[in-house]
Amino acid sequence: MVLNNFGLLFPGNSSKGPKKDYSLKGDTESQIFGIFNAIAIIATTYGNGIIPEIQATIAPPVKGKMFKALCVCYIVLIVTFFTVAVSGYWAFRNNSEGLLLSNFLDDGKPLVPKWFILMTNLFTILQLSAVGVVYLQPTNEVLERTFADPNSKEFSTRNVIPRVVSRSPSVVISTTVATMLPFFGDINAVIGAFGFMPLDFILPVVFFNLTFKPSKWSLVFWLNVTIAVVFSALGVIAAVAAVRQIALDAKTYRLFANV
């Protein structure tokens, strides 16, 4: 995060690069759908809180640990994602690309020192490697049950070799599919609309009412109902906006496009 904000100081304070303009792009329809598309992307970004939330509920006391875990998670997200988003818009205005690193090049010419681009790409690869391990864990679990031997030690030759042989093609296949579908922002919007918005905002309040059964005349009950209804409507509209944006981008789509 510090590295990204440091890099944004160069183009932000320079006259080089694309023309800077704060005006809104597109017609009214595109702007409205863009708002809901952005909401879905934000839901995906801040939906990372579900991971420490689940981990915090493994051992009691659940309530206190969950609250602390979510507070830490959202503080980290605000400090990192939000500051980069704000400083990125300050530096590039409405010409900013969905991928931050794409903004550091203008007609192939770097707007920042070359060492900065190299270092940022290196850290990006390291981060994606860690993220890939986390999000491929369900697949790895299936592979472990199929090829591993529970009677052997975890790092024995009997388990290490099948693990490497089975997981490597999984990573290669998922990476290939990801490069074939270069709509990172669009995919995030779809995941947010169909996945994180129901998981983070709708199901928790519904399950709370069903589990603890607060009085139908209580403020808590109707607050939960309001949250569920509002975010259900937002989820539906965001899903339409996300699919619409994919359809628009698909008109210029090509395999392994460098976007």
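What share of residues 219–243 is helix and what share is strand, and how far apart are the end C-alpha atoms? Over this stretch the chain is 100% helix and 0% strand, with 36 Å between the end C-alpha atoms. The model is predicted. Its protein chain has nine helices and two strands, and 25% of the 259 residues are buried.

**Overall layout**

- Along the sequence, the elements of the protein chain come in the pattern α-α-α-α-β-β-α-α-α-α-α.
- Helix 6 takes in residues 137–147, and helix 7 takes in residues 157–180.
- Helix 8 covers residues 184–212 and helix 9 covers residues 219–250.

**Annotated transmembrane regions**

- An unreviewed UniProt entry carries the annotation "transmembrane region" for residues 32–51, 72–92, 112–136, 187–207 and 219–243.

**Aromatic pairs**

- Four aromatic pairs are present in the structure.
- One of them joins Trp 115 and Phe 116: the ring centres are 6.1 Å apart and the planes stand at 80°, so the pair is edge-to-face.
- An angle of over 60 degrees between the planes is what counts as edge-to-face.
- Trp 115 is partly exposed, at a relative accessible area of 46%, whereas Phe 116 is buried, at 0%.
- Phe 201 and Phe 231 make a stacked pair, with 4.4 Å from centre to centre and 10° between the planes.
- Phe 201 is partly exposed, with a relative accessible area of 28%.
- Phe 231 is partly exposed as well, at 22% relative accessibility; the buried class requires a value under 20%.

**Loop between helix 8 and helix 9**

- Lys 213 sits in the loop that runs between helix 8 and helix 9.
- The phi angle of Lys 213 is near 45°, which is a positive value in a residue other than glycine.
- Most residues other than glycine have a negative phi.
- Lys 213 counts as exposed, with a relative accessibility of 64%.

**Second largest cavity**

- Searching the whole structure gives two cavities of 30 Å³ or more.
- The volume of the second largest cavity is about 30 Å³.
- Its lining consists of Leu 143, Glu 144, Phe 147, Ala 148, Asn 159, Pro 162, Arg 163 and Ser 166.
- Helix 6 and helix 7 each contribute at least two residues to the lining of the second largest cavity.
- Helix 7 contributes the most to this lining, with four residues.
- Sorted by class, the lining residues are four nonpolar, two polar and two charged.

**Ser 166 in the cavity lining**

- Ser 166, one of the residues lining the second largest cavity, is part of helix 7.
- Is Ser 166 buried or exposed? Ser 166 has a relative accessible area of 15% and is therefore buried, as the limit for that class is under 20%.
- A polar atom of the Ser 166 side chain lies 2.7 Å from the backbone oxygen of Pro 162.
- Pro 162 also lines the second largest cavity, so both partners of this contact belong to its lining.

Methods:
Residues numbered from 1 in each chain as written. Predicted model: local features only at pLDDT ≥ 70, side-chain atom pairs only at ≥ 80, totals over all residues. Heavy atoms only, no water. Phe/Tyr/Trp six-rings, centres within 6.5 Å; stacked < 30°, edge-to-face > 60°. Buried < 20%, exposed > 50% of the residue type's maximum accessible area, 1.4 Å probe, protein only. UniProt positions renumbered as here; feature names shortened; annotations may be inferred. 1 Å grid on protein atoms, 1.4 Å probe; cavity = no way out; pocket = protein on both sides within 12 Å on 5 of 7 lines; lining within 4 Å. Points joined across faces, edges and corners; volume = space filled by probe spheres on them. Nonpolar A, V, L, I, M, F, W, Y, C, P; charged D, E, K, R; others polar. Polar contact = N/O pair within 3.5 Å; in protein donor to acceptor, adjacent residues only side chain to side chain.
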